[in-house]
Amino acid sequence: MSKEFVAARNDRPLIQVTRLSKHYSNGHGVIPVLRGVNLEVRPGEMLAVMGPSGSGKSTLLFILGLLLPASSGNYQFMGQNMLDLSRAAQAEFRRRRVGFVFQNCDLFENSTVYENLEFPLVYAKVERQERPARILAALERVNLAHRIHHPANYLSGGERQRVAIARALVNQPLVILADEPTGHLDRANGHMVMEHFEQIVATGDTALIVVTHDAEVASRCTRVFSLEDGILNEN
Ligand SMILES: Nc1ncnc2c1ncn2[C@@H]1O[C@H](COP(=O)(O)OP(=O)(O)O)[C@@H](O)[C@H]1O
Ligand SMILES: [Mg+2]
């Protein structure tokens, strides 16, 4: 793909969020969490979202990934309204457009790396004969092809998180949503995870939104935001 084409495409936002709000209701009443978040994300951007614990960072990420409904506002992905999709269309979006990476990896412990990566492919109805190449390609991007047949519970913490990144990549998502992906890693492994993310967004196809407490992680992102009192501000 030519550079000019990538540049032209990058002019169009992937994500456009306006006046997004979210409150939770519990036995004691209503807890407002997001109070009018505005955000625009383009392919190839790498965004950090920081903010105090409980400020709603995970909530925002989950809404962007359609894992949680918003209370009000507008969310467009490639120009399409996301908040009024049918359940089937939401599931399709999660399967094909989004890659999730969480702090705790959430791998199937007794399954191999291969099986962990095959799961989202099966879920996305990718043909059986297509799967090995897709799995290998994703593992190569995090330098873990040699671990393909290892059980997940034999891996180190850093390797586990890299497998989780490969799993997020396997369906070739347009956005990766990562919730404190380096939270449980030492510095060296945290660096490695960020290097992989940088290489992934450098292709220009994918955007990354990473929730983090780590100023060093944020410093490697192209834009840094703070979520406080339900409002998202760019630093
Ligand atoms: N399912 C829920 N029901 C009620 N309150 C919730 C729920 N999930 C999160 N919250 C509350 O919403 C606020 C934001 O949570 P969260 O998005 O997890 O924050 P962060 O990721 O920034 O730490 C917190 O006060 C949390 O207790
Ligand atoms: Mg959180």
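Which strands does helix H7 (residues 187-202) lie across? Helix H7 lies across strand S3 (46-50), S7 and S8, and runs at about 150° to S8. Axes here are lines fitted to C-alpha atoms, for helices over the stretch in contact, and angles run from 0 to 180 degrees between N-to-C directions. Helices (H or I, at least four residues) and strands (E, at least two) are DSSP runs, numbered from the N terminus.

This is a predicted model, in which local features need pLDDT of at least 70, side-chain atom pairs count only at pLDDT 80 or more, and totals for chains, interfaces and linings use all residues. Residues are numbered from 1 along each chain as its sequence is written, while chains are lettered from A and ligands numbered from 1 in the order in which they are written.

Start with the whole chain. The protein chain has 8 helices and 10 strands. Its C-alpha trace spans about 50 × 40 × 35 Å along the principal axes. For 235 residues, a compact globule would have a radius of gyration near 18 Å, and the protein chain agrees because its value is 18 Å. That radius is taken over C-alpha atoms, and the globule rule is 2.2 Å times the number of residues to the power 0.38. Buried residues account for 40% of the 235. A residue is buried if 20 or more other C-beta atoms lie within 10 Å of its own, exposed if 12 or fewer, and partly exposed in between, with C-beta atoms placed from the backbone. Two residues are in contact if their C-beta atoms, placed from the backbone, lie within 7 Å. Among contacts between residues at least 6 apart in sequence, 73% join residues at least 24 apart.

An open sheet of 6 strands has the order S6-S7-S8-S3-S9-S10, and its pairing is mixed. Strand S6 (98-102) and strand S10 (231-234) stand at the edges with a single partner strand each, so one side of each is left without a neighbour in the sheet. The twist averages 20° from one strand to the next. H6 also packs on this sheet: it touches S6 and S7, and its direction makes about 165° with that of S6. Two strands pair if DSSP finds at least two bridges between them. Strand S7 (residues 175-179) and strand S8 (residues 207-211) pair in the parallel sense over 5 bridges. Ala178 stands opposite Val210 in S8.

4 strands form an open sheet in the order S2-S1-S4-S5, with antiparallel pairing. S2 and strand S5 (80-81) are at the edges, each with a single partner strand, so one side of each is left without a neighbour in the sheet. S1 and S2 form a hairpin with 2 residues between them. The two pair in the antiparallel sense over 10 bridges, and Lys22 stands opposite Leu34 in S2. S1 is joined to strand S4 (residues 72-77) by 5 bridges, again antiparallel. There, Thr18 stands opposite Asn74 in S4. S4 joins S5 through 2 bridges, with Phe77 opposite Gln80 in S5.

Strand S1 (15-26), strand S2 (29-41) and helix H2 (57-64) each supply at least two residues of the shell around ligand 1. A residue is near a molecule if its C-beta atom, placed from the backbone, lies within 6 Å of it. H2 gives the most, with 3 residues. Tyr24, Asn26, Ile31, Gly56 and Lys57 are among the residues around ligand 1. The shell divides into 3 nonpolar, 8 polar and 1 charged. Ala152 is found in the loop between helix H5 (131-141) and helix H6 (157-169). Ala152 counts as buried because 20 other C-beta atoms lie within 10 Å. Its C-alpha atom is separated by 5.0 Å from that of Glu109, 43 residues apart along the chain. Glu180 lies in the loop between S7 and H7. Phi of Glu180 is near 50°, a positive value in a residue other than glycine. Most residues other than glycine have a negative phi.

Notes: Ala, Val, Leu, Ile, Met, Phe, Trp, Tyr, Cys and Pro count as nonpolar, Asp, Glu, Lys and Arg as charged, and the others, Gly among them, as polar.
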